[in-house]
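Biologist: I would like to learn how to read a protein structure. Could you take me through one, feature by feature?

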Amino acid sequence: MSRSIVRQSKFRHVFGQAVKAEQGYDDIRVSKVTWDSSFCAVNPKFLAVIVESSGGGAFLVLPLSKTGRVDKNYPLVIGHSGPVLDIDWCPHDDNILASCSEDCTAMVWQIPDHALTRPLSDPVVVLEGHSKRVGIVSWHPTARNILLTAGSDNLIIIWNVGTGEPLISMDDHPDLIYSVSWNRNGSLFCTTCKDRRLRVCDPRKREVVAERLAPHEGIRPMRAIFTRDGNIFTTGFTRMSQRELGLWDPTNFEEPIALLELDTSNGVLLPYYDPDANMVYLCGKGDSSVRYFEITEEPPYVHYLNTFSSKEPQRGMGFMPKRGVDVSKCEILYFLLHTNVSVVPLIFPVAQSDLFQDDLYPDTAGPEPAMEPEEWLDGRDEDPILVSMRQGYVPPKSRELKVVKKNVLDSRPTTRRSMSTLDTNSLPPQLLERLLEEIQNLKATVLSQEKRICDLENKLSQYTNGSA
């Protein structure tokens, strides 16, 4: 008589459970824009949800502690002139949020520690470089102030938000980009595209270093994410429109490490990855379940663990960084599901224990960046700086994001009388310093206004010529 052998795993008994109704967030009108993003983002301080709004795009930002019914007049973040399509919290500052929109821009916001008391309409920086709607924003995992945007112009731009300038632009994609995912140290990113190709890109070399045609044979959208060991986890569809997941080695794209058919639902599966536990959570818009899998080094490599089922179909999801979970309750994941009118937190605990479990909570990526933008651009790679979860994580207070734009006017010849021709010997040093600083600030203001006028004239020209 043969006996079935149960695979040993510390995550075999992980189960999802919704919190009590009063601990959720109600009366939130989620955006009805038809775009396959999560529409929701969460970190240890805040919850952000893209919502329905008139006269442009908006999203709601709530402190996690502000549970219950949300007042319909609660202040929104309202800087975009078109519907917001994607949002992403900065991994190195819990008060910094990036957003992108159909208005062809991405914006970076500083959220105050307290709840908003009036609408927030002034971003820290506006990133203008795309000619069509911007559908993806993604922060670099280890370098300070590096942000990636991808637009419907098939262009990927990597920005230094500390200066507001584009660093790298890549136009290797001939069609709409569905997803972008950085690897663990941010040296590479992978993309999926409407041309049915999975690509691995080296942004600093500005080239595609590996690609695979049709990792899933279906023509419907794919998603891809890097795992901690450098493999790529994908979701897509078979030729018969069954949903499918795969695991690939980017150094050998010929054959998958694993390929598994799931079901015949037609919602795109969005993968969320926990690198500490090496687990993947799969959610689909319109689904009422969250399935989770463990990735291991032994066949079949992708192991099904369990499914959480809810009563209502989900419109989007938010994935909490591991430093935001409650270790005292043995949570390994804090997850948000939002329906048409509410956001429901889910927790995924393991068996309760009064002792800290080192195997469940290895050191995790902390909020400190491992390097500066210039170091990354020069070719340096660093893994995330890790922090211990033993005492839990306490979010630090807000740190102001300072944007120092480079002033190209400094290099222009000037016909005006310069400060060097003045009799500076008669000026007190402090006054001279203030005058020089004021001149630089005025030059920067003039430059930004000139750029804005130029952009508006270009847009007016496009509408006049009927090309917009």
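Modeller: On a 1 Å grid over the protein atoms alone, a cavity is a set of points where a 1.4 Å probe fits but cannot get out. A residue lines the cavity if it has an atom within 4 Å of a point. Grid points are joined across faces, edges and corners, and the volume is the space filled by probe spheres set on the points.

Biologist: How much space lies in the largest cavity here?

Modeller: About 40 Å³. A search of the whole structure finds one cavity of 30 Å³ or more. Before we go on, note that this is a predicted model: local features need pLDDT of at least 70, side-chain atom pairs count only at pLDDT 80 or more, and totals for chains, interfaces and linings use all residues. Residues are numbered from 1 along each chain as its sequence is written, and side-chain values use heavy atoms, with hydrogens and water left out.

Biologist: Which residues line the largest cavity?

Modeller: Tyr 178, Cys 193, Lys 194, Arg 196, His 216, Gly 218, Ile 219, Arg 220 and Met 222. Four are nonpolar, two polar and three charged. Here Ala, Val, Leu, Ile, Met, Phe, Trp, Tyr, Cys and Pro count as nonpolar, Asp, Glu, Lys and Arg as charged, and the others, Gly among them, as polar.

Biologist: How many helices and strands does the protein have?

Modeller: Both are DSSP runs, numbered from the N terminus: helices are H or I with at least four residues, strands are E with at least two. The protein has two helices and 31 strands.

Biologist: How do I read a sheet?

Modeller: Strands of a sheet pair through backbone hydrogen bonds, either parallel or antiparallel. Two strands count as paired if DSSP finds at least two bridges between them. Take the open sheet β19-β20-β21-β22, whose four strands pair antiparallel. β19 (223–226) and β22 (258–261) are at the edges with a single partner strand each, so one side of each has no neighbour in the sheet. The twist averages 15° from one strand to the next. For such angles, axes are lines fitted to C-alpha atoms, and values run from 0 to 180 degrees between N-to-C directions.

Biologist: How many bridges join β19 to β20?

Modeller: Four, and β20 covers residues 232–237. Arg 223 has Thr 235 in β20 as its bridge partner.

Biologist: Which strands make up the open sheet of three?

Modeller: The order is β3-β4-β5, with antiparallel pairing. β4 (residues 46–51) and β5 are joined by six bridges. Ala 48 has Val 61 in β5 as its bridge partner.

Biologist: What is Val 49 in contact with?

Modeller: Contact means heavy atoms within 4.5 Å. Leaving aside neighbours within four places in sequence, the contacts of Val 49 include Ile 28, Phe 59, His 338 and Val 343.

Terms used:
On a 1 Å grid over the protein atoms alone, a cavity is a set of points where a 1.4 Å probe fits but cannot get out, and a pocket is an open set with protein on both sides within 12 Å along at least five of seven lines; lining residues have an atom within 4 Å of a point.
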